[in-house]
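Subject: Structure handover

Hello,

My notes on it follow below.

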Amino acid sequence: MGTRVLAAVLPEHDGPTAVVPVEMGDRGLGQRDGIEAKTIVLEQLRDALALLAEYDPDRVTTLGGECSVSMAPFSYLIDKYGDDLAIVWIDSHPDMGTGESDYPGYHAMVVSGLTGHGDQELLDILPATITPDRVALLGMHDWTDPTLPAVAEQWGLTVFGPDALRTSSAPVLDWLVATGASKVAVHFDVDTIDADEIQLGLGADVGGLTSTEARRLVADIDQSVDVVALTIAEFIPRQVIHLQQILDGFPLLGGTNKPS
């Protein structure tokens, strides 16, 4: 539903639109190798990569869905642009989990996978991975696991908390210059926006960036380098979903016909 609402409100675009088929039933949801629904995760990842290979785009906008929707397009673009690409991951959470972590959700493992860490079966599917020094976590303030700050330092990830970005985008722009990349892939998880302002994501994450700060940050990045990927992830349109539930079974809306 979040994807459908985003598609309805975003501007028209010139390029083609491809929809990755998503399993909506109970098939393949079992946990395997520490990853929830691994069978379906791998199937949908292959489907997404096949669509990207078919269209061979130079840039990709992805509407989620949860954070794992960035895995296929970002890996595809890493393969296309190599060291000329950097990734900015705008999210309240680091998404650095692996199959060894306590939490088995695949959407919390995307940064790990893109930087070559985690499940080998998943990594074998990816066209390419990126070195962690070319990935920055922006607005990140909930590590989710107390062991992850040390892991981020060990891997070489760069982290900018919300307070480092309140008044200026300069720290991120300086980091981008240091990478030498002329192109960037931007992942934007809407839970980065402070829930005290508006709750857009699944959780009520407070203390994040404001809408104004996030808009300024992305605009400054766009002015500095060529944005070749944008993902909008984790949008939960609560009012729309609630309205859908209310209207379920209403007459003349295609519901079950009454006996004559």
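This is a predicted model: local features need pLDDT of at least 70, side-chain atom pairs count only at pLDDT 80 or more; totals for chains, interfaces and linings use all residues.

The face of helix H6 turned away from its buried side carries exposed residues: Ala-150, Glu-153 and Gln-154. H6 covers residues 148-155, and its buried residues are Leu-148, Ala-152 and Trp-155. Viewed down the axis of H6, the buried residues fall within an arc of 70°, so they line one face of the helix. Part of their cover comes from helix H4 (110-114). After H6 comes Gly-156, with a positive phi near 100°.

In soluble globular proteins, nonpolar side chains tend to be buried together. The largest nonpolar core here has 42 residues, and Leu-45, Ile-87 and Trp-89 touch the most other members. Elements that each supply at least two residues of this core include helix H2 (38-55), helix H3 (71-81), strand E2 (85-90), H4 and H6. H3 gives the largest share, 7 residues.

Trp-89 deserves a look in your viewer. Leaving aside neighbours within four places in sequence, Trp-89 is in contact with residues including Cys-67, Phe-74, Val-110, Leu-114, Leu-137 and His-187.

Now the charged pairs. The whole structure holds 13 salt bridges. Arg-27 has two partners to check. One is Glu-23, with the closest N and O atoms 3.0 Å apart. The other is Glu-43, at 2.9 Å, N to O. Glu-43 lies in H2 and Arg-27 in the loop between helix H1 (2-9) and H2, so this pair ties together parts that are 16 residues apart in sequence. Arg-27 is partly exposed, at 42% relative accessibility. Glu-23 is partly exposed too, at 25%, and so is Glu-43, at 29%.

Which residues link up in a network of salt bridges? They are Arg-32, Asp-33, Lys-38, Asp-119 and Glu-121. Within it, Lys-38 and Asp-33 form a salt bridge, their closest N and O atoms 2.6 Å apart. Lys-38 is buried, with a relative accessible area of 1%. Asp-33 is partly exposed, at 47%.

Last, the surface. Leu-243, Ile-246, Leu-247, Phe-250 and Leu-253 form a nonpolar patch there, with about 450 Å² of accessible area together. Leu-243 belongs to helix H9 (residues 238-247). Leu-243 counts as partly exposed, at 46% relative accessibility.

Best wishes

Terms used:
Residues are numbered from 1 along each chain as its sequence is written. Side-chain values use heavy atoms; hydrogens and water are left out. Patches are made of residues with over 30% relative accessible area and no salt bridge: like charges are joined within 9 Å, nonpolar side chains (Val, Leu, Ile, Met, Phe, Trp, Tyr) within 5 Å. Accessible areas come from the Shrake-Rupley method with a 1.4 Å probe; for residues, only the protein chains shown count as cover. A salt bridge is a side-chain nitrogen of Lys or Arg within 4 Å of a carboxyl oxygen of Asp or Glu. Helices (H or I, at least four residues) and strands (E, at least two) are DSSP runs, numbered from the N terminus. Buried means under 20% relative accessible area, exposed over 50%, partly exposed in between (1.4 Å probe, protein chains only). The arc is that of the directions from the helix axis to the C-beta atoms. Contact means heavy atoms within 4.5 Å. A nonpolar core is a set of buried Ala, Val, Leu, Ile, Met, Phe, Trp, Tyr and Cys residues joined through side-chain atoms within 4.5 Å.
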